[in-house]
Amino acid sequence: MRNVFLTLLMVLCYHSIRAQDFKFGAIGGYNHCAPSANNRKPGFHVGAKGELSLTKQGDLYLEFEAIYSAQKWEHWGFKYNGANVDGTTINHAFTPAYLQVPIRLGYKMPVSNEVKLFVNAGPYANIGLHGKNKVTEYTAGVIESSSEENAFGDKGLERFDVGLGVRVGVEFLNHIQLSGGYDYGLVKTDNIHHFGNKNRTWTLSAAYIF
């Protein structure tokens, strides 16, 4: 998957330099992230995007983005004393932030002169930038202790993640785009705490194409 992603990125950059119909813009929006079966938390994304038309009509295109993506989530578990639960519950509140770089193949279908529907899908890569893991222990609902750790590293999440994403939306006046999507992670991002997590993120986005 990593080699395929890098090959697509190289092809895109090569064609972008030569393309006559290459557009770029800004994008931002809302994340709703829940790795595997853990509790979801709100986050956000913001960054830049580009579109390279693959046909004269512009209906088939390649899209890429470079965005800052905050993907918050939390995990509840029990503290064990040997093989037995000792009555203490533990909350891990993760706040990782990534540089996300997706490449998607898309198609636009005109509805009128000013409105188009679009869909695109393809691979993405996440590179962990920073974040915290706040660990809080509760006994009978009362906080016993609280501490913070680095979200990434030897005791945290893996910094590199790859997956597949899809977006559907509408474009107005060839400039304004509203979309919703879903990113499906393919890599287990946490082997230290044995959660077995893979990233799962719903998105709502607004973009302006210059």
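# Notebook: salt bridges, core and surface of a predicted model

I began with the surface: the accessible area of the protein chain is about 11,200 Å², and 62% of this belongs to carbon and sulfur atoms. Accessible areas come from the Shrake-Rupley method with a 1.4 Å probe, and for residues only the protein chains shown count as cover.

This is a predicted model, in which local features need pLDDT of at least 70 and side-chain atom pairs count only at pLDDT 80 or more, while totals for chains, interfaces and linings use all residues. Residues are numbered from 1 along each chain as its sequence is written, and side-chain values use heavy atoms, with hydrogens and water left out.

**Entry: layout**

I listed the elements and found one helix and twelve strands in the protein chain. The helix and strand labels are DSSP runs (H or I of at least four residues for helices, E of at least two for strands), numbered from the N terminus.

I then looked up burial. Of the 210 residues, 42% count as buried, where buried means under 20% relative accessible area, exposed means over 50%, and partly exposed lies in between (1.4 Å probe, protein chains only). For contacts, meaning heavy atoms within 4.5 Å, I noted that 62% of those with a separation of 6 or more are between residues 24 or more positions apart.

**Entry: salt bridges**

How many salt bridges does a search of the whole structure find? The search gives nine. I used this cut-off: a side-chain nitrogen of Lys or Arg within 4 Å of a carboxyl oxygen of Asp or Glu. Side chains of opposite charge can pair when their charged atoms come close.

I looked at Lys23 and Glu51, which form a salt bridge with their closest N and O atoms 4.0 Å apart. Lys23 is in strand β1 (residues 22-33) and Glu51 in strand β2 (residues 39-53), so this pair ties together parts that are 28 residues apart in sequence. Lys23 is partly exposed at 21% relative accessibility, whereas Glu51 is buried at 3%.

Glu51 also meets Lys49 in a salt bridge, at 3.7 Å from N to O. Lys49 and Glu51 are both buried.

Next I checked Lys108 and Glu171, whose side chains form a salt bridge at 2.8 Å, N to O. Lys108 lies in strand β6 and Glu171 in strand β10, so the pair ties together parts 63 residues apart in sequence. Both residues, Lys108 and Glu171, are buried.

I also noted a network of salt bridges that links Lys23, Lys49, Glu51, Glu63, Glu65, Arg104, Lys108 and Glu171.

**Entry: Arg167**

Is Arg167 buried or exposed? Arg167 counts as buried, at 7% relative accessibility. I placed Arg167 in strand β10 (residues 160-172).

The side chain of Arg167 makes a polar contact of 3.1 Å with that of Asp183. The term covers a pair of N or O atoms within 3.5 Å; within protein, one must be able to donate a hydrogen and the other to accept it, and residues adjacent in sequence count only if both atoms are side-chain atoms. Leaving out residues up to four places away in sequence, I found Arg167 touching, among others, Arg104, Phe118, Tyr182 and Thr203.

**Entry: nonpolar residues**

I looked up the largest nonpolar core and found seven residues: Cys33, Trp73, Phe94, Tyr98, Ala151, Phe152 and Leu157. Such a core is a set of buried Ala, Val, Leu, Ile, Met, Phe, Trp, Tyr and Cys residues joined through side-chain atoms within 4.5 Å. Beyond its neighbours within four places in sequence, Cys33 has contacts that include Asn39, Trp73 and Arg200.

On the surface I noted a nonpolar patch with about 830 Å² of accessible area together, including Leu54, Leu105, Tyr107 and Val168. Patch residues have over 30% relative accessible area and no salt bridge; like charges are joined within 9 Å, and nonpolar side chains (Val, Leu, Ile, Met, Phe, Trp, Tyr) within 5 Å. Which strand gives the most to the patch? It is β6, with three residues. Leu105 is in β6 and is partly exposed at 47% relative accessible area.

Leu173 is partly exposed at 48% relative accessibility; Asn174 is partly exposed at 36%.
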